Amino acid sequence: MNIGIDLISFYTPPFFLSLTDLAAQRKISAEKYTIGIGQDEMSILPPDEDVVTMGANAAQSLLDKVDKTQIKALIFATESGVDQSKSAGMFVHRLLGLSKECRVIEMKQACYSGTFSLHSAMGLISLQKNAKVLVINSDVARYDLNSPGEPTQGCGAVALIVSNNPRLLKVESESAYISEDVMDFWRPNYRSSAIVDGQYSTKIYLKALNECWKKYGELTKRLPEHVHHFCFHLPFTRMAEKALKQLFRCKEEFQSRFIKSSPGFRYNRVVGNSYTASLYLNLCSLLDCSAENLEGHRVGLFSYGSGFVAEFFSGVIQAGYGSHLLKDLHSRLISQRKKISYREYLEFYHYALPEQGEVFNVPHFTNGHFRFSGLDNHKRLYEKTVS
Ligand code: CAA
């Protein structure tokens, strides 16, 4: 079986808040965020964007490079869904002009569902070898103002084309996964921000990594040294340091691994948490930003979704991968974002939509290819802004 990630692209909206500015408002040292948590900036969602527009924007960049008619399924992973019944993927299916002969589904299990989507896509392709599957991971990390989780907010989407003979990463068949019902992080339907037992969630994450790694080691007989690069679900980049310290007990080995892995944290450090997309943003950053040639290197990927389901799996970077990356586009997306003030952050945070079904137009903020333009009779309206 030679199935895996053929192409990868991410999108994040064109606004960010500096965590140094947030720290000043919260009257705490900026180093707590930049060093203690390992985040410099967080992307901010404007009122005319949501998981649909972010997902469509991320996927759009890949569609010039594949035959759209070969996409036989669109799997949309999110925990920030816009409707209790209709899949966010249905809106994206139309916005991207995908074929009618393409299944669409939305997946949910906190930050983990993107990984299940990837493996489901591989299963579909093993049954239909010329098919391609579009997996979209799209989320908005939102906590209460002035809560410990606030500096770990963010938003973004990562789109993957999964296929046979992938151009970027062949996913290996051995995979170690575990599930356990715990309440470390959750969001009841009546809330727009998540509730989290932060310190406990961090402990559970590391416990899950430990158990998954142990199982993966038993399955593959590999030691951490046999994996060239590690990518993690990154709620904040300091988490990677904690994870690597657990995998590499020797201080020198840990330090050299941390330096080697750092290009992979670059995007997450400025985008913030993007839940389902976070692990794949780490992978995208590693592929785009590593100065080293990664051909033939094994990447270990740790996926964690609170509640919790966790999985450790691996893949091998393919020869010639470098010519299929979208690094210039990604670097422009980040560098061209507009820094917003604390006041603008509060305005976006508190922006509320009417709930009575009246016609409502959302003002234009984003410069993305797609936007959420308003509501009519409880229906969400989307438009393409650039052809
Ligand atoms: N300079 C440098 N470091 C500083 C500092 C300073 N001036 N002040 C504090 N620090 C350090 C602290 O020593 C601490 O370091 P250690 O982790 O090594 O102990 C670090 O900064 C954080 O400080 P606190 O522990 O006091 O931070 P906190 O309690 O205010 O919040 C948090 C930290 C619990 C992660 C919080 O941000 C949070 O709740 N985040 C959301 C939940 C989360 O992301 N959990 C992760 C696992 S769950 C998951 O992965 C799913 C998901 O996506 C949510």
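Author: Helices are DSSP runs of H or I with at least four residues, and strands are DSSP runs of E with at least two, numbered from the N terminus. The model is predicted.

Reader: Where does lysine 27 lie in those terms?

Author: Lysine 27 lies in the loop between α1 (19-26) and α2.

Reader: What makes the phi of lysine 27 worth a remark?

Author: Phi of lysine 27 is near 55°, a positive value in a residue other than glycine. Most residues other than glycine have a negative phi, and most peptide bonds are trans.

Reader: Which peptide bond is cis?

Author: The bond from glycine 307 to phenylalanine 308 is cis, with omega near -20°. Phenylalanine 308 sits in the loop between β12 (298-305) and β13 (309-317).

Reader: Why is the packing of α3 on α4 called oblique?

Author: The axes of α3 (residues 51-63) and α4 (residues 88-95) come within 9 Å and cross at roughly 45°. An angle counts as roughly parallel under 35 degrees and as roughly perpendicular from 65 to 115. The crossing is right-handed.

Reader: What makes up the contact between α3 and α4, by residue?

Author: Val51, Val52 and Ala56 of α3 make the contact with Ala88, Phe91, Val92 and Leu95 of α4. By class they are 7 nonpolar, no polar and no charged. Ala, Val, Leu and Phe are among the types counted as nonpolar, so this division follows from the residue names.

Reader: What makes α7 oblique to α8?

Author: α7 and α8 (residues 251-261) pack at about 140°, their axes 10 Å apart. Roughly antiparallel begins over 145 degrees and roughly perpendicular ends at 115. The angle lies between those limits, and therefore α7 is oblique to α8. This crossing, too, is right-handed.

Reader: How many residues of the contact of α7 with α8 are charged?

Author: The residues divide into 3 nonpolar, 1 polar and 3 charged. Glu241, Leu244 and Lys245 in α7 meet Phe254, Arg257, Phe258 and Ser261 in α8. Glu, Lys and Arg belong to the charged class, and that is why Glu241, Lys245 and Arg257 count there.

Reader: Which element gives the most to the lining of the second largest pocket?

Author: That is α6, with 5 residues. The pocket has a volume of about 760 Å³. Of its 34 lining residues, Pro148, Gly149, Thr152, Gly198 and Phe236 are the closest to its centre. The elements that give two or more residues to the lining are α2 (30-37), β10 (195-196), α6 (198-220) and α7 (238-247). By class, the lining has 16 nonpolar, 12 polar and 6 charged residues.

Reader: What is arginine 103 in contact with, apart from its neighbours within four places in sequence?

Author: Arginine 103 is in contact with Lys72, Ala73, Leu74, Leu124 and Gln128. These count as contacts because heavy atoms lie within 4.5 Å. Arginine 103 is found in strand β5 (residues 103-107). Arginine 103 and histidine 350 are 247 residues apart in sequence and 35 Å apart in space, C-alpha to C-alpha.

Conventions:
Residues are numbered from 1 along each chain as its sequence is written. This is a predicted model: local features need pLDDT of at least 70, side-chain atom pairs count only at pLDDT 80 or more; totals for chains, interfaces and linings use all residues. Side-chain values use heavy atoms; hydrogens and water are left out. On a 1 Å grid over the protein atoms alone, a cavity is a set of points where a 1.4 Å probe fits but cannot get out, and a pocket is an open set with protein on both sides within 12 Å along at least five of seven lines; lining residues have an atom within 4 Å of a point. Grid points are joined across faces, edges and corners, and a volume is the space filled by probe spheres set on the points. Axes are lines fitted to C-alpha atoms, for helices over the stretch in contact, and angles run from 0 to 180 degrees between N-to-C directions. A crossing is left-handed if the near helix is turned anticlockwise from the far one by less than a right angle, and right-handed if clockwise.
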